[in-house]
Amino acid sequence: MRTRRWQRIGGTGRGFTRGGQAAWLAGLAAAVALAAGAGPVAAQKPITIGAPIALTGNLADSAAHVRRGYDLWLEEVNGRGGLLGRPVQFQIYDDRSDAATAARLTERLITSDKVDLLISPFGTAGTSTASAVSEKHKMVMINAGGASESIHQRGFKYIFQVVTPVPYYVEGVFPLAAKAGYKSLVFVSRDYAAARDMEKAIRNWAPQHGIEIRMVEYFPAATTDFASYIARARDIKPDIWVSVGYPPEAIEMIRQMKATNYLPKMFVHNGVSQEDFLKATGKDAEYAFGMSLYEPSLPTKGNPEFVKRFKAKYNYEPGYYALLGYAGCLILEEAVRKTGSLDQDKLAATLRALQTETPFGPYAVNETGAQTAKKGLIVQVLKGHREIVWPFNQKTADAVLPMPPWTSR
Amino acid sequence: MRTAIELLVNGVLLGGIYALMACGLNLIFGVMRVINFAHGEFLSFGALLGVSLVIGFGVPFLLAVVLVAVAIGLFGFLMQAALVERVVDGPPIMSLLLTYSASTVFVNGGLLIWGGGYQGMPGVFSGSVSLGPMNLSQARLVAFTVAVVLTGLVYAFLAKSMFGKAIRAVSEQPEIATVSGIAAAQIRYLTFGLGGLMAGAAGVLLAPMFASDPQMGARFVIKAFTVIVVGGLGSYVGAFVGALTIGVVEVVGGYLVGQTFATALLYFLMIAFLLLRPSGLFGVGIRR
C-alpha cells in the first residue's frame with residue numbers, strides 16, 4: 001500500500017517540473033512587465049557591484065572575512081557620498097565555493113542583473129572561471145582573492161590583481177633561513193593551483209640561498225592525518241617545513257607534530273596567520289611561522305584608522321582575508337573616481353596605470369594585470385601574538401630560531 | 001623498523017576513531033537499511049559541543065565525552081522519531097535524500113550556532129607518550145582506548161541484553177521479529193539513538209586531534225562509508241576490523257606512496273570490495 005503511495009509521488013515528478021517552469025516563466029514575465037512600467041528611473045540610481053562569493057562550502061569560513069571587508073567599505077563609500085555622485089550597493093550571490101557556479105553567477109550578474117562593476121570570487125579556482133566570463137563581456141574584474149599567477153597568464157585585459165601573487169608569500173622564508181644558516185627544506189602542501197605556483201617559487205629561490213629541497217609532497221583536500229609526512233620528515237630531518245593550504249591543515253599539522261614530539265627548526269604555514277590557528281592550538285601555536293600578507297600593526301597608509309573601525313564594527317582584529325575585500329573595493333573606488341565614468345575600457349586603462357596604497361599595502365600591476373608592488377610578510381607567533389619578522393625593515397620582533405623543541409617549553 | 005612500527009601503531013590508533021564512527025553508521029544500516037548521511041553532522045556537533053563544554057565551561061574531557069554522547073544520542077533518537085521513521089518503509093532513495101537534506105540543514109544550523117571558524121581544544125591531551133623509541137599521541141591513545149571500550153560495550157549490549165537481541169532480530173529478520181512481538185519502531189529509535197551516541201562520542205574524541213567546524217562531517221563520513229564497504233555493510237564486527245584496516249592503509253600508504261595515492265588506494269580498496277566481495281569482510285549481504 002505504502003509503496004504505491006511512493007510510486008505515485010514519484011510519478012508526478014515530470015508534471016511538477018513542467019508546472020514549476022511555467023510558474024517561473026510567468027513570474028519572470030510579470031517582473032519584466034513591472035520593470036517596463038516602472039516609469040522614469042530615480043535620479044540617484046545606485047551603482048551596483050556584482051560579487052559572487054562563497055557563503056557556503058569549504059571556502060565560506062575564509063570568505064566571510066572578505067565579505068566583512070566589502071561591508072565596511074560600503075558603509076564608508078556611501079558615507080563619502082558614493083561613487084560619481086551615486087550611491088553604491090552590492091549584488092552578492094553564493095557560489096557555494098564552486099568554481100563552475102562562480103562562472104555561472106558572473107554571467108548572471110553581467111547579463112541579467114546588469115551590474116556596473118565586478119569583484120572576483122574568493123580563491124584561485126573561482127577567480128579563474130569567473131574572470132573568463134567577465135573577459136568575454138569586456139567587463140573589468142578586480143581580482144581580490146585569486147593569488148595564483150595562472151589567472152594572469154591567459155592574455156586577459158580586464159582582470160586586475162589586488163592580492164599578492166603566490167610566489168611572494170614564501171619569499172621571506174629564504175632570507176630568514178639563510179640568516180639562521182639553514183640548509184634543507186620539505187614542502188608539504190594541499191594540492192591546488194596556488195601550491196603548484198609556490199613550488200615553482202621555492203625551486204627558484206631555494207638554490208639561490210644554498211637550501212636543498214629534500215621532499216615535495218601534495219595531499220588531497222580533506223586530508224586530516226599527517227602522521228605519514230611527519231614520519232618521513234623525522235627520517236630526512238629537514239631544517240624547514242613549508243606548507244600552504246587552509247587553516248585546519250595548519251592546526252592539524254602542529255598538533256600532530258606535538259603529539260609525536262617532532263618539530264623542524266622552522267615550521268611555516270600560511271594558516272598560522274589566521275586567528276583560528278591561535279584559538280584552536282593555544283600555547284602550541286607559539287613560535288610557529290606564518291606566511292601573511294597583512295598584519296594590523298603594518299605601517300601602511302590609513303591602516304591604524306582602518307583597524308580601529310574594523311574592530312569597532314566586528315569586534316576582532318582584521319586578518320588578511322578581510323583586507324583583500326576591503327582593499328579590492330578601495331582600488332575599485334579610486335579607479336572609478338580617476339576614470340570619471342563606468343566605461344569599462346577606460347576603467348581598465350586606469351587600473352593598469354594606477355599606483356596607489358591602501359591599508360593592505362601598495363598597488364601596481366604589470367601589463368597582464370598581475371600584482372607587482374605588494375609583497376608578502378613572514379610572521380611568527382610570539383607570546384600569543386603574530387609579530388612581523390620579515391621584511392626586516394618592517395619587523396616588529398626578531399625571529400626566534402630554531403623553534404624550541406616541545407620538550408623544553 | 002622503528003618507523004614501521006610507529007606508523008602501524010598510528011594507523012591502528014586512527015582506525016579506532018573511525019571504528020566508533022563507522023560502527024554506529026553500520027548499526028543504523030543493519031537495522032533499518034537506511035544510509036545516514038547526517039552521521040557526519042552527529043560527529044561535528046559532538047566535536048563542537050565538546051569544545052564548548054571543555055573550553056567554554058571547563059568540564060573535564062572524559063565527562064564531556066559522556067555528556068555529549070548522551071546529548072547526541074538523544075538528538076539521533078529525535079531525528080529518527082521525527083523524520084526518518086516516516087520514510088523507513090519507502091524506497092531507499094527516500095531515506096537517503098531525507099538524511100542528505102537533514103545533513104545540509106544541520107551543517108547550516110551548526111554554522112549559525114558555532115560560526116564557521118575552526119575550533120580546537122588547546123592543551124587537552126596535546127602531548128606525546130614515549131614508548132621505547134616511539135612517540136605516540138596522548139590524544140590518540142585516549143581516543144583509541146575510549147573508542148575500543150565503547151564499541152566493546154555496545155557489542156556486549158547487542159549480544160547479551162534483551163534490547164540488543166531485539167535490535168539484532170529486527171536487523172536480521174524484521175518480519176519475523178515484528179510478528180514475535182518486538183516493537184520494531186521502538187527498536188529503530190533506539191538504534192538511531194545508539195548510532196548518534198557513538199558518533200557524538202567520536203566527535204569529542206576527535207576534537208583534541210583535528211580542527212573542528214560545522215562542515216567537518218563531510219571530511220570523515222566518507223571514510224566511514226569506505227570502512228563499512230570494506231568491513232561489510234551491516235556488520236558491527238566488520239566495521240571495527242574495516243576501520244583498523246583503513247587507518248593502517250591511510251597512514252602506512254601515505255608514508256610509502258604519498259597521501260594522494262594513499263587516498264586513491266582507499267577508494268580503490270572500496271571499489272575492489274564492491275566488485276569482488278560486495279558483502280565486505282564480515283557483511284550481512286543484501287537482504288532479499
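A word on conventions first. Residues are numbered from 1 along each chain as its sequence is written, while chains are lettered from A and ligands numbered from 1 in the order in which they are written. Because the model is predicted, local features need pLDDT of at least 70 and side-chain atom pairs count only at pLDDT 80 or more, whereas totals for chains, interfaces and linings use all residues.

Let's start with chain A. Its secondary structure comes to 14 helices and 14 strands; these are DSSP runs, helices being H or I with at least four residues and strands E with at least two, numbered from the N terminus. Of the 409 residues of chain A, 50% count as buried. Buried here says that 20 or more other C-beta atoms lie within 10 Å of the residue's own; exposed says 12 or fewer, partly exposed is in between, and the C-beta atoms are placed from the backbone.

How is chain A divided into domains? Domain 1 takes 47–164 + 299–363, and domain 2 takes 168–292 + 377–408; such bounds come from an automatic or database domain assignment. The centres of the two domains of chain A, taken over C-alpha atoms, are separated by 29 Å. Where they touch, domain 1 of chain A gives 11 residues and domain 2 of chain A gives 10. A contact needs C-beta atoms, placed from the backbone, within 7 Å. On the domain 1 side there are 5 nonpolar, 5 polar and 1 charged residues. For those classes, Ala, Val, Leu, Ile, Met, Phe, Trp, Tyr, Cys and Pro are nonpolar, Asp, Glu, Lys and Arg are charged, and the others, Gly among them, are polar.

Now look at a sheet in chain A. Five strands make an open sheet with parallel pairing, in the order β2-β1-β3-β4-β5 (chain A). Strands pair if DSSP finds at least two bridges between them.

β1(A) is mostly covered, with 5 of its 7 residues buried.

There is another open sheet in chain A, with 7 strands, mixed pairing and the order β7-β6-β8-β9-β10-β13-β14 (chain A). β7 (212–219) and β14 of chain A are its edge strands, each pairing on one side only.

Let's zoom in on β10 (residues 289–292) of chain A. In a regular strand, side chains alternate between the two faces of the sheet. β10(A) runs parallel to β9 (residues 266–269) of chain A, with 2 bridges joining them, and antiparallel to β13 (residues 377–382) of chain A, with 4 bridges. A:His269 stands opposite A:Gly290, and A:Met291 has A:Ile378 as its bridge partner in β13(A).

Over to chain B. Its contact with chain A takes 38 residues from chain B and 36 from chain A. Which element gives the largest share of the chain B side? That is α1(B), with 5 residues. By class, the chain B side has 12 nonpolar, 20 polar and 6 charged residues.

Finally, α1(B) also meets a helix of its own chain. The axes of α1(B) and α9 (residues 217–231) of chain B come within 9 Å and cross at roughly 70 degrees. That makes the two helices of chain B roughly perpendicular; angles of 65 to 115 degrees get that name, under 35 is roughly parallel, over 145 roughly antiparallel, and the rest oblique. Among the residues meeting there are B:Tyr18 and B:Leu25 in α1(B), and B:Phe220 and B:Val227 in α9(B). This contact has 8 nonpolar, 2 polar and 1 charged residues.

How values were computed
Contact = placed C-beta atoms within 7 Å. Axes fitted to C-alpha atoms, helices over the stretch in contact; angles between N-to-C directions.
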